[in-house]
Amino acid sequence: MSTFVLAHFRTEAEALHYAISDDGYEWESLNDGEAILWSDVGAESIRDPFLIEDRDGTYHLLGTDGWWSENVVHATSEDLVEWSDPELVPVMGDVPGVRNTWAPECFYDREADVYRLVWSSTVDPNGEGDSEADTDALDHRIWTCSTPDFESFSAPSCLFDPGYNVIDACVVRHDGEYLMAFKDERGENTVDTDHKDVRLARAPVGGGPFADVTEPVTPAPVEGPTLFHNGEEWLMLYDHFIEGHYGASRSDDARHWEVCDSAIAFPEGLRHGDVLEVSDAVGEELREAF
């Protein structure tokens with residue numbers, strides 16, 4: 001049996017928070033909705049938190065270091081309760097013209113036997129980054145680097161470029177391929193939009209190329225998709241960032257999706273999160289600790 005942990009931030013607290021569920025449908029906040037971990041480095045922010053367990057059983061946290069940064073936030077834990085002091089990993093530090101580094105996530109790349117980080121960045125083609133750029137002027141692509149141990153990291157490269165603005169990539173293994181959910185970031189932040197929705201792409205290997213982009217599989221506007229299988233079906237959770245609530249869709253095959261918001265109970269105040277599957281024993285320890 002498994003327990004699911006939804007790592008997320010809150011608008012009023014850009015820090016690591018937890019919600020927990022036994023089935024992916026009924027979610028409860030831990031720690032009375034208060035933060036589990038704050039950052040005191042860089043922009044002192046942990047937006048878009050993501051959790052992964054490595055092959056040695058160590059948990060890794062990745063997060064966005066504020067709006068304008070070449071770094072991602074990283075911390076480690078042996079039990080999801082006590083965390084190391086956050087540190088900054090300069091994944092885009094050597095790229096001229098980088099403006100930002102948003103929503104880092106990670107997956108295990110089986111073919112290369114490495115952990116592959118993914119995130120979205122805008123890079124000025126003239127190599128002239130503007131740390132105070134207007135967010136409406138950004139033009140993101142999905143970038144990647146790899147690490148065998150979360151201590152040394154390869155040089156970054158562009159992983160996914162569909163020819164338009166994309167952010168918030170989440171990659172999972174499905175049917176012998178890699179399935180990427182991402183946000184189509186074109187258009188204005190408004191409820192009346194042709195974009196700002198989630199689409200899917202697939203790749204035969206972790207390093208890409210990701211192709212076969214689908215039509216939208218969610219309503220709009222939403223962002224921050226996270227994909228997981230609850231033992232019976234695929235669930236995709238996402239942030240209705242303008243309307244101020246969380247949403248969800250379900251699928252039997254990770255190809256055809258239907259909205260299931262009304263069936264899921266979320267705590268209020270969730271922002272852009274990620275779901276980690278843990279054992280029931282770990283889940284019980286979290287409930288006792290928080």
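The side chains of His-272 and Asp-48 are joined by a polar contact of 3.2 Å. A polar contact here is a pair of N or O atoms within 3.5 Å; within protein, one must be able to donate a hydrogen and the other to accept it, and residues adjacent in sequence count only if both atoms are side-chain atoms. This is a predicted model, in which local features need pLDDT of at least 70, side-chain atom pairs count only at pLDDT 80 or more, and totals for chains, interfaces and linings use all residues. Residues are numbered from 1 along each chain as its sequence is written, and side-chain values use heavy atoms, with hydrogens and water left out.

Take the two partners in turn. His-272 sits in strand E19 (residues 271–279). Asp-48 belongs to strand E4 (residues 47–53). Helices (H or I, at least four residues) and strands (E, at least two) are DSSP runs, numbered from the N terminus. His-272 counts as buried because its relative accessibility is 4%. Asp-48 is also buried, at 8% relative accessible area. Buried means under 20% relative accessible area, exposed over 50%, and partly exposed in between (1.4 Å probe, protein chains only).

Asp-48 has a backbone feature too. Its phi is near 55°, a positive value in a residue other than glycine. Ala-103 is not a glycine either, and has a positive phi of about 50°. Ala-103 lies in strand E8 (residues 102–109). With a relative accessible area of 3%, Ala-103 is buried.

Now the salt bridges. The structure holds 22 of them. Each is a side-chain nitrogen of Lys or Arg within 4 Å of a carboxyl oxygen of Asp or Glu. Arg-99 pairs with Asp-124, with the closest N and O atoms 3.3 Å apart. This pair links distant parts of the chain, 25 residues apart. Arg-99 is in the loop between strand E7 (87–89) and E8, and Asp-124 is in the loop between strand E9 (114–121) and strand E10 (141–147). Both Arg-99 and Asp-124 are buried.

Arg-141 forms a salt bridge with Asp-139, the closest N and O atoms being 2.9 Å apart. Arg-141 is buried, at 15% relative accessible area, whereas Asp-139 is partly exposed at 41%.

In the salt bridge between Glu-233 and Arg-250, the closest N and O atoms are 2.5 Å apart. The pair links distant parts of the chain, 17 residues apart: Glu-233 is in the loop between E15 and strand E16 (234–240), and Arg-250 is in strand E17 (residues 245–251). Glu-233 and Arg-250 are both buried. Elsewhere, salt bridges that share partners tie Lys-183, Glu-185, Lys-196, Glu-223, Asp-239 and Arg-271 into one network.

The loops come next. Thr-193 lies between strand E13 (177–184) and strand E14 (198–203). Thr-193 is buried, with a relative accessible area of 18%. A polar atom of the Thr-193 side chain lies 3.0 Å from the backbone nitrogen of His-195.

The loop between E14 and strand E15 (223–229) holds Pro-209. Pro-221 lies in the loop between E14 and E15 as well. The peptide bond from Gly-208 to Pro-209 is cis, with omega near 10°. The bond from Ala-220 to Pro-221 is also cis, with omega near 0°.

Finish at helix H1 (residues 280–289), where Glu-285 is placed. Glu-285 is partly exposed, at 45% relative accessible area.
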